[in-house]
Amino acid sequence: MTTLARGGDGVGHRASHRVVLLGGGYVTLHAYAGLMRHAGRAIRRGDFQVVVISTDDAHSFHGFTGEVLAGLLPYDRTRTPLVEAMPHAHVVLGRVTSIDAERRVVRYRLAAASGADGGTSGSGESGESGESGASSTERVLDYDALVVGTGGREPATTVPGLAEHGFTLRAPGDIAVLAERVRAAAAHRGLRRHTVLVAGGGMAGVEMAAAAADLGGARVRVELVHSGDGILPELRDDQPRLARRAERELKRLGVRVRLGVRLASVTEDHAYLSDGTALPASTVIATIGQRPVHVPGLDAHRDPRGRLVTRPDLSVVDGVWAAGDAACVVHPTSGEPVPANALWAIKGGEHVGRNLARTLRGRPTRPFAYRGLGQAASFGFGRSISELYGIPFTGWVAWVLRLTFFLRFMPSRRKAAQVVADLARHAARGRTAPTTAPADADLAEVRTA
């Protein structure tokens, strides 16, 4: 059964212009913010209607994932209900099943938790396709403009056993469960140390390894596995001093780094590496990059990795826009695809929002001109590395720069204030550095090849 939502389905009166945003991540939130800045009066008046379709009931802010895992911040600080972040949008909790750009309609199925009218009190991380836990009735919603901000997910199914026995960073709720698991292991007083294995030596992997070691101290052993010849490949060429500082920080925390080897498979209590090594590991964290969440439709406009190829103004075809991990956005000066990280998704979303406002008013669009800002990683309270416009920073200065940047882009001012208060309490208590245990005293490492 298919229901056509043209002013019905709980979406409300069909305004003269309808903008549909897919996903509840950075692209959607910042496209909405751009729309409100440049067409807010028309939206409040009801001339423009904004509809969000997503599978989660809150936006997940990933900037402070390391702080959550390390126990510096509660998980709730990273979650903002979409109706709070986008009060003038109608939020639909559902899963997108296809896009028809010629008819300018999007098909979706309501999630089981949403109301019969298709609305919900919030919606969140991504509007990806799929039918698990969804209503059997397919809805069809027409649009004047569609923004694809469905993001990406770690390709966990490419490693046997990882989806069943490992953790990712992008699935809603995974971070909360992971943090509690490591926290419980740190409190365990048995003879055997809990082992956490992190797969991937990029920014996310390095931060997760440091956070797990910082929280667990002597009771948790952390292994970092990276297929390259050095961690932080995104920094190593241009900022080798920062990459070396990261190596020293991981060593200080007792993290063992294994280079030139991949995670091959995972079981309930072991991780198997590509060189034949079998490691007892009760917690495996995957930071192995991401693949775009695939929504059927527009297949002729995808690159070999499945990303929607955008024009200079971030449109894909007339009426459809994309940014973030779901899109292949070309850097305005280098001509190479921009990195798949939060900052580029934020800036891409902002630009799409501005161009949408111009389009809906009959004005020409403008090309995406953002050139980048920098990047940063944290290794505990007051310990960071950062690069801002090519200038390197370390220690407290880098930590403050990173904190300031993340607070600036949090979707909730109330949550941002709570983060500052939480970190101030930790500073007042004076956190001590974890004590590491002997490297191999309790680890039964086995060569299977």
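Strand β12 pairs with strand β13 (residues 256-259) through four bridges, and the two run parallel. Keep in mind that this is a predicted model.

**Strand β12 and its partners**

- On the β13 side, Val225 has Arg258 as its bridge partner.
- Strand β11 (residues 194-199) is also joined to β12, this time by six bridges, and again the pairing is parallel.

**Burial of β12**

- Seven of the seven residues in β12 (residues 220-226) are buried, so the strand is largely enclosed by the rest of the structure.
- Val220, Val222, Leu224 and His226 point one way from the strand, while Arg221, Glu223 and Val225 point the other way.
- Both sets are buried, the charged Arg221 and Glu223 included.

**Helices α10 and α11**

- Helix α10 (residues 395-409) packs with helix α11 (residues 413-429) at an angle of about 155°, and their axes sit 8 Å apart.
- That angle makes α10 roughly antiparallel to α11, because anything over 145 degrees counts that way.
- From α10, the residues in this contact are Trp399, Leu403, Leu407, Arg408 and Phe409; they meet Arg413, Ala416, Val419, Val420 and Leu423 of α11.
- By class, the contact has eight nonpolar residues, two charged ones and no polar ones.

Definitions and conventions. Residues are numbered from 1 along each chain as its sequence is written. This is a predicted model: local features need pLDDT of at least 70, side-chain atom pairs count only at pLDDT 80 or more; totals for chains, interfaces and linings use all residues. Side-chain values use heavy atoms; hydrogens and water are left out. Axes are lines fitted to C-alpha atoms, for helices over the stretch in contact, and angles run from 0 to 180 degrees between N-to-C directions. Angles under 35 degrees count as roughly parallel, over 145 as roughly antiparallel, 65 to 115 as roughly perpendicular and the rest as oblique. Contact means heavy atoms within 4.5 Å. Buried means under 20% relative accessible area, exposed over 50%, partly exposed in between (1.4 Å probe, protein chains only). Two strands pair if DSSP finds at least two bridges between them.
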